[in-house]
Each structure stands twice: as C-alpha cells, then as structure tokens.
Amino acid sequence: MENTTPRTLATTVGRRSFLKMGALSVAFGATSGFASGSVTRVATEEEVKNPFPESKTVKTICTSCSVGCGVIAEVHNGVWVRQEVAQDHPISLGGHCCKGADMIDMIRSEVRLKYPMVKENGQWKRLSWEDALDRIATKLAEIKKENGPDAVQFLGSAKMSNEQAYYLRKFAAFFGTNNIDHQARI
Ligand code: SF4
C-alpha cells in the first residue's frame, strides 16, 4: 500500500495543491454566490407603485449548527427581507440561540466578509484567493516547523457538507494533528 504519511503526501502533491484539498472545508472568509455585487439598487417605477408583488414565507432552518432550528423567512421578489422563529418547529419549538436569531444577516449584513482580506499597516486590503492560499500555506508551514503540528487547531462548520467535513478531517490528519473540532462546540 502506498505510503501516505503527511510528509510524503505534502511532498508529492505540493504545498499549494495540498492546501487546495482542504480549501473547500477551511472556513476562512468563506464566500458564495450571494456575496457577489450589491444587494441594493434603485427601485423601478413599477416597484415603487407595487413594492412586493411576489411575497411569500418560506419554512427553512438555521444552518449555523446541526440542531437545525426552524426559521420562517419572508421573501419579497426573491429577496430574503425578514425572519421569524418557527413556533411549530418540532425541535426548536419557537426558540433560537443568538446565532439563529440573526440568521438573515448571513445574507444581508453590510459587514459580511465577501472575499479574503488582510490587514497591513493598519489598513484592510482585498486579496485574491491564490494570494490568500499562498499566505496561509506559508504561515501554516512556518508554525508547523517552529512549534509542531499540534500548534494548530482546525475548526469545522455546520455549513459544510459531509464531503467537506471529510476533507477537513483528512487535511488535519495530513497536517499531522488531531486538533480538530466543530464550531458549534465552542
Ligand atoms: S445555531 Fe442556534 S438557532 Fe441555529 S440551529 Fe444551532 S441552536 Fe438553533
């Protein structure tokens, strides 16, 4: 059987490719289709006259942890504008923790992180994903060299699929540590 110890794999695959294997799962500055462009625009005359021709409520769940508390999302013209707790949800019974109570701001918050950023000389600046991956790979390699792999902890996310969680677990193992947990536990 092929030797796939961390050192061998990292050497074979290359530092950057190795990181990319985990990139789907590592939850730094995660972005999505929602993040592109602005969420505001000037209303058309028709929209001013009839602001919400297609309003509906959608029963959904909070995705911040695996409890899956019920959320009622009010949607106007395809845009999520308001949320309420789902009183009849069999698990949460109308309750939320603070993360779920603010679920809608995962979409509309003005301080939502939409792309990788770095603070240099007191100023935040945008990075390309390539640049971000290079910087993170370099930093991780430095930490591992100076303090060993257990100086790093990997945190998963309830927003990951099973496959992404699998990648993150593998990534931590290849890095050489068992320091891995789920964000909900903190
Ligand atoms: S993060 Fe909070 S509100 Fe969301 S599913 Fe978990 S317990 Fe429920």
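1. Arg135 is partly exposed, its relative accessible area being 32%, and Asp131, at 29%, is partly exposed too; this class lies between buried (under 20%) and exposed (over 50%), with a 1.4 Å probe and protein chains only. The two side chains meet in a salt bridge at 3.3 Å, N to O, the criterion being a side-chain nitrogen of Lys or Arg within 4 Å of a carboxyl oxygen of Asp or Glu. Because Arg135 and Asp131 are four residues apart in helix α6 (residues 129-147), about one helical turn separates them.

2. The model is predicted: local features need pLDDT of at least 70, side-chain atom pairs count only at pLDDT 80 or more, and totals for chains, interfaces and linings use all residues. Residues are numbered from 1 along each chain as its sequence is written, and side-chain values use heavy atoms, with hydrogens and water left out.

3. Helix α6 also holds Glu142 and Lys139, three residues apart. Their salt bridge has its closest N and O atoms 3.7 Å apart. Relative accessible area is 36% for Glu142 and 48% for Lys139.

4. Lys125 and Glu120 form a salt bridge at 3.1 Å, N to O. Glu120, Lys125, Asp131 and Arg135 are linked in a network of salt bridges. The structure holds seven salt bridges.

Notes:
Helices (H or I, at least four residues) and strands (E, at least two) are DSSP runs, numbered from the N terminus.
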